[in-house]
Amino acid sequence: MNHFKLLAVAAAALALLPLASAPTLAADTCKLDKAHTTIGFTIMRQGYNRLVGGFREFGGTITFDEQNPVNSKVSVDIKTSSFYSGWAARDKHLRSPAFFNAAEIPNMKFVSTKVEKTGAKTGKITGNLTLLGVTKPVTLDVKFNRKGERKGKTYSGFSATGSLDRTDWGMNFLAKFVGPKVDINLEVLAVKQRSEER
């Protein structure tokens, strides 16, 4: 190989070196910021208006791969006894065995099984929702709002919507009058965890 060919090969190798050695950013492991996250839903009440409710006690993690969102994962646990709708008597009834049966089955859980990218900042998350001892799939439409730094911490914000039929989980009481379709509305702020916090 003459000197010109050797120089050409060396130049090509040097040109490709930055691409070959460029680090792949690891996915962020995040926890839900409870103070700035809302897990809510609405349901039509006897055709008159929509009942708005949600849960105050929950926890969860998001593994967010911004470079390749399909590798992201979500897991959320919700305390059904923390249900609220703005009226104490109704809340007590909805925590009863007729609805959430919070005393005997206190937890509801969502674990993602598939993430699809549908746009630059949108996607679909399909996962298993376990409620009243029954596990069924639910799909949410998700929008990635933004990622930013504040006071030394990294935050990511998401909005998500979806719907389900509560009778699929055996919640049949008053289904002809209240529901059965439930619309899910999530506003999520997640904070990146340092390795020592995981």
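Reader: In what order do the elements of the chain run from the N terminus on?
Author: This is a predicted model, in which local features need pLDDT of at least 70, side-chain atom pairs count only at pLDDT 80 or more, and totals for chains, interfaces and linings use all residues. Residues are numbered from 1 along each chain as its sequence is written, and side-chain values use heavy atoms, leaving out hydrogens and water. The order is α-β-β-β-β-β-β-α-β-β-β-β-β, which comes to 2 helices and 11 strands. These are DSSP runs numbered from the N terminus (helices: H or I, at least four residues; strands: E, at least two).

Reader: What does the chain average in pLDDT?
Author: The average is 89, and 86% of the residues score at least 70; pLDDT is the predictor's confidence in each residue, from 0 to 100. Over residues 3–23, however, the pLDDT is below 50. Where pLDDT is low, the predicted coordinates should not be read in detail.

Reader: Turning to Phe 100, which residues does it touch?
Author: Leaving aside residues up to four places away in sequence, Phe 100 touches Phe 55, Thr 80, Phe 83, Leu 94, Arg 95, Ile 105, Leu 131, Leu 132 and Met 171. Contact means heavy atoms within 4.5 Å.

Reader: And Phe 173, where is its place?
Author: Phe 173 lies in the loop between strand E10 (153–165) and E11.

Reader: How much of the chain is buried?
Author: Buried residues make up 36% of the 198 residues.

Methods: Buried < 20%, exposed > 50% of the residue type's maximum accessible area, 1.4 Å probe, protein only.
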